Amino acid sequence: MSIVKKFLYVNRKAPYGTIYAQEALEVVLIGAAFDQDVSMAFLDDGVFQLTKGQDTKEAGLKNFSPTFRALGDYEVTKLYVEQESLDERGLTLDDLQDIQWEDEDDDYAEKPSIIVVSRAGMADVMADQDVVLSF
Amino acid sequence: MKFGIVVSEGPYTHQASDSAYNFVKAALATGHEVSRVFFYHDGVNVGTRLSIPPQDDRQIQEQWTALAKEHELDLVICIAAAQRRGLLDQNEADRQGKDANNIADGFRISGLGQLIEMGIQADRTITFGD
C-alpha cells in the first residue's frame, strides 16, 4: 500500500478508570505496521497517561505506561502534549516519562518524543492531519 | 465522498451508534459511499444478536443488519475488543473453546488493521463516540 496519510491519535482520557487509553494504544501498535505518518496527541486528562511512576498494583489493573517508551521502535516519534492541559492539572514536563526515539538518519541520536504545544498549536497539529481518531 | 465510520460506544447506554446509523443512512441516501463501519471499544456490543430491547424501542442491532443487507455495508467488529467483551462468531468460539457464538447477521469480526485500512482508503473518517 503506497498511500501515506497523516494519522493522529487523540488521547483525552485518564489512563485508568476507563479502557480508552489502553485500547487506543493497541490501535497505535497495530497501526504501526501500515507505514503511515503517525502522531499522538495528549490533552485534557489524557496528559496523565504519560506521567511517570504509575503503579496500578493496588487497583488490580494492568500498568501499560511502559509501552509509551517503546513507541519509538514502532516509528511513533511525535507525542504532542498540550501545555494548558498540563498547567490546569498542576503538571510539568518533569512529571512525564522521559520518552525518546533513535534517529537513524542522525547516527542513532536519541531525541525526545514529547513535544509540548499550546492549545492553539494543538489546533494547528489537528488541522494538518488526514485521519484523526479520538479516544 | 467515501466515508469510513467508527462507532466507539455501546448501544442504548450511548447515542453514538444511533447517530452513526442515522449518518450512514443519510450519506447513502444522498449518493455517498460508506466503505466500512468499524465497531470498537463497547461499540462491539452493537453486533450481538442476543439483545432483546423492549418492543416499543428501536432495535439497534436489527437496524444495522437490515442496512448492511440493503447496501452491502461492511460492518466490522474489532476482534481484540470483542474478545474482552464476549462477542464471538462461530470460528472464534471454536478456536477459543467456547460453547456458543452471538454475532448478528451482517457483522464480521476482524482485526484492528481494518480500522487503519479504512482510514487510508476513505476520504473522511468519522468517529461516533462519547
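Chain A contains four helices and seven strands, where helices (H or I, at least four residues) and strands (E, at least two) are DSSP runs numbered from the N terminus. The model is a predicted one, in which local features need pLDDT of at least 70 and side-chain atom pairs count only at pLDDT 80 or more, while totals for chains, interfaces and linings use all residues. Residues are numbered from 1 along each chain as its sequence is written, and chains are lettered from A and ligands numbered from 1 in the order in which they are written.

Along the sequence, the elements of chain A follow the pattern β-α-β-α-β-α-β-β-β-α-β. The radius of gyration of chain A, taken over C-alpha atoms, is 15 Å; this is close to the 14 Å given for 135 residues by the globule rule, so the chain is as compact as a globular protein of that length. The rule itself is 2.2 Å times the number of residues to the power 0.38. Along the principal axes, the C-alpha atoms of chain A fill a box of roughly 45 × 30 × 30 Å. Of its 135 residues, 31% count as buried; a residue is buried if 20 or more other C-beta atoms, placed from the backbone, lie within 10 Å of its own, exposed if 12 or fewer do, and partly exposed in between. Among contacts in chain A with a separation of 6 or more, 78% link residues 24 or more positions apart, a contact being a pair of residues whose C-beta atoms, placed from the backbone, lie within 7 Å.

Chain A holds an open sheet of five strands in the order β6-β3-β2-β1-β7, with parallel pairing; two strands pair if DSSP finds at least two bridges between them. The edge strands are β6 (114-117) and β7 (131-134) of chain A, each of which pairs on one side only. Strand β1 (residues 6-11) of chain A is joined to β7(A) by four bridges, and the two run parallel. Within this pairing, A:Leu8 has A:Val132 of β7(A) as its bridge partner. Helix α4 (residues 119-127) of chain A packs on the sheet, and its direction makes about 145 degrees with that of β3(A). Such angles run from 0 to 180 degrees between N-to-C directions, with axes fitted as lines to C-alpha atoms, for helices over the stretch in contact.

In chain B, five strands form an open sheet in the order β4-β3-β2-β1-β5, and the pairing is parallel. Strands β4 (107-110) and β5 of chain B stand at the edges with a single partner strand each, so one side of each is left without a neighbour in the sheet. From one strand to the next, the twist averages 25 degrees. Three bridges join β2 (residues 33-39) of chain B to β3 (residues 75-78) of chain B, and B:Phe39 has B:Ile77 as its bridge partner in β3(B). Leaving aside neighbours within four places in sequence, the contacts of B:Phe39 include B:Val7, B:Val44 and B:Cys78.

The contact between the chains takes 15 residues from chain B and 16 residues from chain A. On the side of chain B that touches chain A, the largest share, five residues, comes from α5(B).

The largest nonpolar core has 65 residues, and those with the most contacts inside it are A:Tyr9, B:Ile5, B:Val37, B:Phe38 and B:Phe39. Such a core is a set of buried Ala, Val, Leu, Ile, Met, Phe, Trp, Tyr and Cys residues joined through C-beta atoms within 7 Å.

Methods. Contact = placed C-beta atoms within 7 Å.
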